[in-house]
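Dear colleague,

I am handing over the structure below. My notes on the annotated positions and the ligand surroundings follow it.

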Amino acid sequence: MESNESIGNNNFFDGTFLSHFERQQPSPPSVIVIGGGISGIAAARALRNASFKVVLLESRDRLGGRIHTDYTFGCPVDMGASWLHGVCNENSLAPLIRCLGLPLYRTSGDNSVLYDHDLESYVLFDMAGYQVPQTLVIEVGEIFKRILQETEKVRDENSRDMSVLDAITIVLGRNPDLRQQGLAHEVLQWYICRMEAWFAVDADMISLKNWDQEQVLSGGHGLMVQGYHPVIQALAKDIDIRLNHRVTKISDWVNGVMLTVEDGRSFVADAVIVTVPHGVLKANLIEFKPKLPGWKVDAISDLGVGNENKIALRFDTVFWPNVEFLGIVAPTSYACGYFLNLHKATGQPVLVYMAAGRFAYDIEKLSDKEAANFVMLQLKKMFPDATEPIKYLVSRWGTDRDSLGSYSFDLVGKPADLYEKLQAPVGNIFFGGEAVSMDHSGSVHGAYTAGLQAAEDCQRHLLEGLGNMELLKLVSLRDETVETMVPLQISRI
Ligand SMILES: Cc1cc2nc3c(=O)[nH]c(=O)nc-3n(C[C@H](O)[C@H](O)[C@H](O)COP(=O)(O)OP(=O)(O)OC[C@H]3O[C@@H](n4cnc5c(N)ncnc54)[C@H](O)[C@@H]3O)c2cc1C
């Protein structure tokens, strides 16, 4: 499958992975999967189990993509995904997590709203370091719900989509009783900040038509106490994976595809599954030859990519209260902030500050030290006696050329058939990744399912092309994960 030879000669060296259609002897079809995140690994695993020849090309020197569990604190800290959204049997990842015996810490149950986790475990402070009375937090939370309900009327009145922020402005203009002043206004901004964190984008970019259309799975949100990495490790077992292979070009080749990697080497196969992040496709970092059709190019540009970053701090000792979130309220949602208290879930003295949208991009303009200092200033407002962290980590998902954003979101005015187009193959090129997930984009389980779906579509296409469905048994690619009666391990300390 790999060649250092001139492509013009079609002279691939021995042992290479020739296109199935080139071979004289019947042999399994070959597929190259691009991207070693959960979607690509799931696709590769499924095809390998169905006896296809599979190679996975990953640009980084590690697997996992936007799942990145860091162990330098002496304990697992997820700098990318950390929650299983929907702790229930319907979650496609539940059987695997169950089988691996990975514990979850539930931060909220079924009663949580889409953009938020439950209220009882917050402590909020203002910029001067005073704790916001819990009654005010709850009161403003109710007002925020009413504001959002009123935006539904605005949605019904307007056939054209608009941003959630524009709709909120209209609602507040019409309903003076919902406008907040002083500290209550700052708490309202904090709720907006939490909503922005869910979509990884500012409220002026969240689509009014689509923000609440997601089918949220039941069971609430569960933190992966040991990090997400064990899931990647288990799925990647026995797959032919080539790290440090950044694909730069995908070209038509005989009845298959040819891929070129950064150092000039090329690979051929019967089909390819592309699972690189949507930000990478939007930035045209991979050249398609011939060019992708217009409908595909438009679909790629019609889906947005947001940004979220984490700044993790490890301390000697715990000096903060035993709640799940510590928040700072401020006059604008941009200036609000919050920390996830990992001590509550894992027992480790670790806080993780999260920044989303434009703020997340601004964080990336700072050095790691400056970012940690900025976060410590926030923490010291809440706890003047806060000690300095002994270690810190800063993510940079927005500018990392292998992600170019954290996860996708629906732009204002999204076309209705967008996801069908994003998922649709182009010849022998199939598309996976979180962004093509119709029901659960932006999530780990959505990416996983999208990978399985792409593998299934690719398998069907190749076997139909062979005209001999008997050659390989068409197995259901989703049967692989063993169902067990062991329940998900969920705790709430
Ligand atoms: C900060 C943050 C927090 C998140 N929190 C959660 C959460 O709590 N729960 C949740 O469900 N989801 C969460 N997500 C989203 C979740 O991480 C993603 O939806 C999911 O991991 C995406 O998987 P993927 O396989 O589609 O993409 P990726 O994991 O990005 O995999 C794509 C792979 O392609 C590789 N690649 C890129 N370019 C090339 C190239 N040219 N050639 C070869 N390889 C290439 C990349 O290096 C990467 O490994 C979060 C994401 C971020 C960033």
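Is Val 247 buried or exposed? The model is a predicted one, and in it Val 247 has 23 other C-beta atoms within 10 Å. The cut-off for a buried residue is 20 or more, so Val 247 is buried.

Val 247 belongs to strand β11, which covers residues 247-253. Leaving aside residues up to four places away in sequence, Val 247 touches Ile 34, Leu 57, Leu 259, Val 261 and Ile 286.

I looked at Val 247 because the UniProt annotation "binding site", from an unreviewed entry, covers Ser 39 and Val 247. Ser 39 sits in helix α1, residues 38-49. With 35 C-beta neighbours inside 10 Å, Ser 39 also counts as buried. Residues up to four places away in sequence again aside, the contacts of Ser 39 include Thr 275, Glu 434, Ala 447 and Tyr 448. Gly 432, Gly 433, Ala 450 and Gly 451 are also among the residues Ser 39 touches.

Now the ligand. The ligand is surrounded by 40 residues, and Ser 39 is one of the closest, together with Gly 35, Gly 37, Gly 65 and Ala 81. The elements giving two or more residues to this shell are α1, β6 (83-85), β17 (308-314) and α13 (444-466). Helix α1 gives the most, with 3 residues. By type, the shell divides into 16 nonpolar, 16 polar and 8 charged residues.

Regards

Notes:
Residues numbered from 1 in each chain as written. Predicted model: local features only at pLDDT ≥ 70, side-chain atom pairs only at ≥ 80, totals over all residues. Helix = DSSP H or I, 4+ residues; strand = E, 2+ residues; numbered from the N terminus. Buried ≥ 20, exposed ≤ 12 C-beta atoms within 10 Å, placed from the backbone. Contact = placed C-beta atoms within 7 Å. Near = placed C-beta within 6 Å. Nonpolar A, V, L, I, M, F, W, Y, C, P; charged D, E, K, R; others polar.
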